[in-house]
Amino acid sequence: MFFRSAVGALCAGLIASSAVAAERIEFMFPAPVQGKLSREMQKLVKEFNASQSDVEVVGVFTGSYDETKVKSQAAAEAGKPPAVVLMSANFATELAMNDLIVPMEQLAGDTDLGAMMEEFWPAVRPNAHFAGKVYSIPFQNSTPILYYNKEHFKEAGIEMAPETWAEWVDAAKKLAKPDGERWGIMMPSNYDYNGWLVQALTMANGGQFYNPVYPGEIYYDHASTQGALKFWRDFAHQHKVMPTGVTDSKQVSTAFFSGKASMIVLSTGALSFVRENAKFDYDVAFMPRNIRNSVPIGGASLVSFKGTSDAQKKAAWSFISWLTSAEKIGHWSRFTGYFAPRQTAYDLPEMKKFVAENPDALRAVEQLAYAGPWIATYNTVAVRKAVEDEMQALLSDPELTYRTAAARAQENADKVLAPYAEQTALSLQ
Amino acid sequence: MRPELKQWAAPGALLAATMCAVVFLWSTPFLWMLVASFRPDSFGGLGMASLFPDFVPTLKSYRYAIEDGDWPLWFLNSAILVTGTLAVQLVTISLAGYAFARISFPGKEALFYLFLLQLMLAPPVLIVPNLTTLVHLGLYDTLIGVMAPYWGSAFGTFLMRQTFRTIPKDFEEAAIIDGATWWQVLRHVLLPLSLPGLTAFSIVSVVYHWNEFLWPLMVINDPDKMVLTVGLVSFAQGAEGASDWGLIAAGTLFIMAPLFIAFTAFQRQFVNSFMSSGVK
């Protein structure tokens, strides 16, 4: 009896130790919306770990998008490359150029990546590719979107959400009350958000913000960007329907919730948050157009750093494909307000039920037909900052002209891009 | 006599009033946080910026903060971190301070200034080299790894050197005549006389490491080793949405509570340690 139970215990021990031998990988993720999301993400990680015994994922919280980049890059350089990182979607280009992340072909094994990417919305694909290869798998994506207070609209006698820039200005003027008692429109102008919205306005103004096929060119000193800068600036200084100076995204949403702003532009990633907290009748609409409807993609994708073992790569892929499955990606979309980048997520019954109950969740998806990739260049953050500094100056200084601002932004961005341009396009031997 | 007294009283009252105003101004952020943590509508609203409570206070934010965070674990990790850092620092800065203050050797001044150069380096610059060292030492993702780079403190060494130099040499010479070795001199003569300096350094060190965010975020991956600051951010950060100010305020009050209580309890000693230096 004793002997038998001892053997049994030994066998159990062996089984347990083979279970312990599961490949352990780290998954670094930021919490770009509310902290609630980081807890939900830990829950997903636990669910994955419980679902199988080959891979054990450790969820590592990494702060903001920018801190995530610093942490994962520093860890990789120090010799501890993370197997899976949820990274701002437009950083993949730069990380791939610097040879820090691996193409997904190296992870995917037998999976047909081409067919898999076909399941994602066309608008999210360009940011996932670099030099013809897939470097990231989209997970949580967004577009800028117009949120508006329907009660204010009724009060001001406005029937519909503005569709063109002219209607937008007109509506903002009707909605605003003097001396900042109520603002017609507010948009975040803090770093990151700022550049994204300048790009959105530039695209709606008919232009292209950067060269999506060559990461060494940016189009700041061009008519379409100049017009975008002027249009945003005029809300504050000419029409006086937007506060002057730099306003961050939290001020914008707070003003909206408290009825101090009638229209706001925010990411669709904030949608669940707005739905939970707006105590009035609100709706969401497309970003208004001047020449065409067009918005950039935002959000984050999964990447894998160079230098991991084959076993880790395999483990990383099993987690990535689980997390980006139609079912999980749809769950995440419903939880956060980000749209699901995988089109097939919208065919599932839970999702159909959800969008029927919350039609505002479909607006960003409909807008995808007009969406394009997010700025991704050599040294993206510094290039983006060149135009953000000027936009912030325009909002603060009524004397500054959009021409000077655009020219300065171009000059500074070109300086940042110069080393890459000289190594590549200008190196003619 | 009386008119004279009144003449003195008026500027005194004015001074007191000014001081009160300054105190109030300085404590505004703290007062706002206290008010915000009890506010029912904590996502903002018109009254959000108000410093004066205009509502029925609620403990909702505290309840969420307690439910959302693994506070006992985070407190424990932060406590291990600050005590572990300080304990080693006190030994190294005393020894190094003693060497620079009392022992003469060639190149001492040059070495000392080279040492002080450490103060000029911005910590973020050192993230990658320090991480690389930690990986080689096998200390990546450990609390010791978070502490290690701070074990040699240029500021502490400088402070202890200055403190030791204010102590008259006669004290040591008397001890040496009685047959004391250098470490006995340090242990029984110099250190007891340097307590204010050591206390001042301890306060600075504890407060700095208690509140530090970036470096622990870089080193620690294991959720079981998360410290308070990173923990707070993990459940209270918002970039694309808005922040729950009530929750953030409640969490921040939790984090500062131990330091706040310690400071209130030992206020006199703390102030004295900064006021006096060495032996009068």
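Before going on, a word about what you're looking at. This is a predicted model, where local features need pLDDT of at least 70 and side-chain atom pairs count only at pLDDT 80 or more, while totals for chains, interfaces and linings use all residues. Residues are numbered from 1 along each chain as its sequence is written, chains are lettered from A and ligands numbered from 1 in the order in which they are written, and side-chain values use heavy atoms, leaving out hydrogens and water.

Back to that largest pocket, which holds about 650 Å³ of space. Of its 25 lining residues, B:Q118, B:P123, B:P149, B:Y150 and B:Y208 sit closest to the centre. On a 1 Å grid over the protein atoms alone, a pocket is an open set of points where a 1.4 Å probe fits, with protein on both sides within 12 Å along at least five of seven lines, and lining residues have an atom within 4 Å of a point. Grid points are joined across faces, edges and corners, and the volume is the space filled by probe spheres set on them. Helix α10(B) gives the most to this lining, with 5 residues. Helices are DSSP runs (H or I, at least four residues), as are strands (E, at least two), numbered from the N terminus.

Helix α10 of chain B also holds B:H209. This histidine is buried, because its relative accessible area is 5% (buried means under 20%, with a 1.4 Å probe and protein chains only). Leaving aside residues up to four places away in sequence, B:H209 touches B:L81, B:V82, B:T85, B:Q89 and B:Y150; contact means heavy atoms within 4.5 Å.

Now for the second largest pocket, with a volume of about 560 Å³. Among its 24 lining residues, the closest to the centre are A:Q42, A:K46, A:G59, B:P223 and B:D224. Helix α2(A) gives the most, 6 residues, and the lining has 10 nonpolar, 6 polar and 8 charged residues.

Finally, look at α3(B) and α12(B), whose axes come within 8 Å and cross at roughly 145°. Axes are lines fitted to C-alpha atoms, for helices over the stretch in contact, and angles run from 0 to 180 degrees between N-to-C directions. Their contact involves 6 nonpolar, 3 polar and no charged residues.

Technical notes
Nonpolar A, V, L, I, M, F, W, Y, C, P; charged D, E, K, R; others polar. Buried < 20%, exposed > 50% of the residue type's maximum accessible area, 1.4 Å probe, protein only.
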